[in-house]
Amino acid sequence: MPKREHKIPVKDYEFTKDLTVDELVLQMEDAWGFTAGKLATGVNIFEAMVNTEGCTKFLSFTADIIATGTRGVIRELVKRKLVDVIITTCGTLDHDIARCFKDYYKGSFVMNDSQLYHEGVNRLGNVLVPNDSYGIVIEKKIIALLETLYKEGKRELSTSELCREIGLRVCNETSILYWAAKNNIPIFVPGITDGSVGYQLWFFSQDHKDFRINILKDEEDLNNLIFDSKRSGAVIVGGGISKHHTIWWNQFKDGLDYVVYISTAVEWDGSLSGARPREAVSWGKISEKAKRIMIEGDATIIMPIMTSALITRLNKKKVV
């Protein structure tokens, strides 16, 4: 006879000498808490997604986390080929390129922003981004790349083609773009003009009027990916255009089969960023039979824990 929910006891965490992150996450299933159980479920869904044959695995995230050490988490997922497709925002390209060559710095949420402005330092939450670590670097690298591509006869690129060229020709092994290009994982940026790289594309086009970014080519590629997929799953960090583009395209194959949302946004204002997976079911963007979870919390905490636990589990299966 199956256990009823109100008969399953909450258990305390137990700490052993060599407790691993994965073992801690497994305890969360019984320790419960308020979001801990959701995190444990999220790892289970991610693992199922990775282990399901013929499942196209989407990773969607907003750019802010790439300004933090969570960049290394995304890079590891890409390097290990644990995802098949990335949909993100232009700022991801900005931060990923810049941090290949320059450092960002630790700051605080409460600082003298006027003083920072006069010192040429930009504040992203509690991360400090000096001008010479950001715009100057990106301008130099992207304009040089575009000049090279133009001389080679390339007059038109999709955003995924652009990301591949940046990864292969500009970035180093610390980069998400580098490993995505090396592992043939396409990166789509539907809002390509909304960032420093996007500005450089426009600036370059002023003296090269026949240069184009073809976003419809990206849509064609996404269309082909979706219709070639037997099943699909997504880990969606944050909201905005990258989240919507991911779930939008998956409605054309009867919705995502596996979904993990990670967000701090609320749903009562009607925003897409705060919308729970159940809302996407009504649109057909997530299958009504999908394994799905919404984890409320900071992705810079949740993503490292989830990824560490997932990698440990996959490594154990390889040993067995």
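We'll start with a pocket, then visit some helix pairs.

Before clicking, note that this is a predicted model, where local features need pLDDT of at least 70, side-chain atom pairs count only at pLDDT 80 or more, and totals for chains, interfaces and linings use all residues. Residues are numbered from 1 along each chain as its sequence is written, and side-chain values use heavy atoms, with hydrogens and water left out.

**Stop 1: the largest pocket**

Select Asp64, Ile65, Thr68, Asp298 and Thr300: of the 30 residues lining the largest pocket, these lie nearest its centre. A pocket here is an open set of points on a 1 Å grid over the protein atoms alone, where a 1.4 Å probe fits, with protein on both sides within 12 Å along at least five of seven lines; lining residues have an atom within 4 Å of a point. The space in this one is about 540 Å³, counted as what is filled by probe spheres set on the points.

Now colour β3 (105-106), β10 (256-263) and α13 (299-319), the elements that each give two or more residues to the lining. Helices (H or I, at least four residues) and strands (E, at least two) are DSSP runs, numbered from the N terminus. The lining has eleven nonpolar, twelve polar and seven charged residues. In this sorting, Ala, Val, Leu, Ile, Met, Phe, Trp, Tyr, Cys and Pro are nonpolar, Asp, Glu, Lys and Arg are charged, and the others, Gly among them, are polar.

Zoom in on Thr68, in the loop between β1 (55-61) and α3 (71-79). What does Thr68 contact, leaving aside its neighbours within four places in sequence? Look for Arg99, Val127 and Thr300, with contact meaning heavy atoms within 4.5 Å.

**Stop 2: α6 and α9**

Next, show α6 (residues 135-151) and α9 (residues 196-205), whose axes are 9 Å apart at an angle of about 45 degrees. Axes are lines fitted to C-alpha atoms, for helices over the stretch in contact, and angles run from 0 to 180 degrees between N-to-C directions. That makes α6 oblique to α9; angles under 35 degrees count as roughly parallel, over 145 as roughly antiparallel, 65 to 115 as roughly perpendicular and the rest as oblique. Among the residues that meet are Ile138 and Ile142 in α6 and Val197 and Phe204 in α9. The contact holds nine nonpolar, three polar and two charged residues.

**Stop 3: α7 and α10**

Thr159, Ser160 and Glu161 of α7 touch Ile215, Lys217, Asp218 and Asp221 of α10. This contact has one nonpolar, two polar and four charged residues.

**Stop 4: α10 and α11**

Select Glu219, Leu222, Asn223 and Ile226 of α10, then His245, Trp249 and Asn250 of α11, to see the contact.
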